[in-house]
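Visitor: Please take me closely through one part of this model, the charged pairing and then the ligand site, with the cut-offs spelled out as you go.

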Amino acid sequence: MRQIPVCEPVLGREELKNVADCLKTNWISSKGKYIQEFEKGFAKFCNAKYAIATTSGTTALHLALASLGISKGDEVILPTFTMAATVFSVLYTQAKPVLADIELDTFNINPAEIEKKITKRTKAILIVHLYGHPCEMGPIMDIAKNNKLFLIEDAAESHGAEHMGRKVGTFGDISAFSFYANKIITTGEGGMVVTNNKTLAKRAKILKDMAFDPEKRFLHLETGFNYRMTNIQAAIGLAQLKKINDYINRRRHNAFLYNQLLENIAGIVLPTERLRSKNVYWMYAILLNKKFGFSRDELRKHLMQRGIETRDFFIPMHRQPFFKKLGISSIRESFPIADDISSRGLYLPSGTGLKVNDIQYIAKQIKALHKLVKNENYAY
Ligand SMILES: *Cc1c(COP(=O)(O)O)cnc(C)c1O
């Protein structure tokens with residue numbers, strides 16, 4: 001039986017050719033033409049002025065926060081429903097992550113919840129455009145502006161997503177992208193900081209490279225990092241970037257096909273695309289409710305037996321024992337929406353390379369399982 005993976009990269013001849021070029025010419029570390037071309041190309045793709053390549057989405061986030069000078073004593077508000085790297089990046093700066101609940105339809109941070117969490121120590125809002133859907137940027141930008149807070153975007157899952165015709169990664173002061181193997185485009189491991197602010201871009205560039213003084217080699221301005229992407233990674237990234245619009249279109253088409261095939265099954269909530277938003281469907285994320293018959297975990301098990309790999313939603317950050325121990329969330333706080341969706345959400349196979357007949361097969365299995373459990377209930 002064929003296994004349909006939840007998400008796989010699509011790599012081609014262009015990537016191979018570029019990598020071979022790096023090896024043949026010995027440009028294998030972090031200098032070389034592909035780095036510059038990839039950075040320039042990615043900035044252009046986002047309609048941003050500056051892009052700075054890093055070793056991962058996590059290091060891109062840390063670099064973004066460090067470039068803003070976020071440090072001990074500061075508080076950073078972020079959604080509890082995200083990947084742990086968002087929280088880790090704040091912890092690296094010694095600042096305190098402050099969690100906020102999310103919206104039910106997009107799974108993104110709820111602007112009203114951000115406002116409730118602002119204190120005198122709040123320095124920044126770190127939003128996450130989750131699963132490919134942009135956050136509701138109007139109110140979030142207003143909150144940042146009215147409270148004089150930095151706005152940082154974790155766009156690791158949403159390359160090319162748009163809100164009000166503008167690409168994610170360009171709404172805030174600075175943003176971070178990931179090029180991990182399952183993201184919209186990949187460099188194996190890798191990340192990118194994006195900004196329109198010249199001072200921030202300069203600081204990020206210096207910090208990522210040991211904080212070398214640009215004027216004098218082997219003089220260091222502060223505690224620097226080595227977050228340098230290699231030319232080999234950038235060579236892959238550049239080839240991927242040439243295809244990114246095609247990849248996004250394919251993901252959107254796959255999502256529309258899923259929508260069509262699953263829309264009449266009771267108990268399945270399909271992913272949304274809000275007005276004035278463009279979802280790039282990094283993951284095709286669905287919710288199950290009681291009407292479906294099977295629980296999320298039961299459905300996942302049955303799909304696995306039919307060769308279909310799926311994933312649970314993230315475990316919210318306030319549910320992580322380690323973060324609780326650090327005092328990141330207190331028992332007095334509640335996050336009802338995050339708790340609710342994380343217990344009944346899953347994503348179906350969502351890779352760019354997914355075929356039409358894969359999606360038809362998956363939808364057919366889900367339909368059959370739904371029918372089966374309904375009929376069994378009927379017999380009681
Ligand atoms: C993938 C991801 C990251 C981290 O990116 P890496 O490249 O794996 O370090 C950060 N935030 C979110 C929301 C992600 O999905």
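**A salt bridge and the ligand site**

Guide: Glu103 and Arg274 form a salt bridge, their closest N and O atoms being 3.1 Å apart; the term means a side-chain nitrogen of Lys or Arg within 4 Å of a carboxyl oxygen of Asp or Glu. This pair links distant parts of the chain, 171 residues apart: Glu103 is in the loop between strand E3 (96–100) and helix H5 (111–116), and Arg274 in the loop between strand E10 (268–269) and strand E11 (277–278). Helices (H or I, at least four residues) and strands (E, at least two) are DSSP runs numbered from the N terminus.

This is a predicted model, with local features needing pLDDT of at least 70 and side-chain atom pairs pLDDT 80 or more, while totals for chains, interfaces and linings use all residues. Numbering starts from 1 along each chain as its sequence is written, and side-chain values use heavy atoms, without hydrogens or water.

Now to the ligand: 14 residues surround it, the closest being Thr58, Asp154, Glu157, Ser178 and Lys183 (a heavy atom within 4 Å). Helices H3 (57–67) and H4 (84–92) each supply at least two residues of this shell. Polar contacts here are pairs of N or O atoms within 3.5 Å. A ligand oxygen is 2.5 Å from a side-chain N or O atom of Thr58, and one is 2.7 Å from such an atom of Ser178. Lys183 places a polar side-chain atom 3.1 Å from a ligand oxygen. Taken alone, the ligand exposes 380 Å², of which the protein buries 93% (Shrake-Rupley method, 1.4 Å probe).

Technical notes. Polar contact = N/O pair within 3.5 Å; in protein donor to acceptor, adjacent residues only side chain to side chain.
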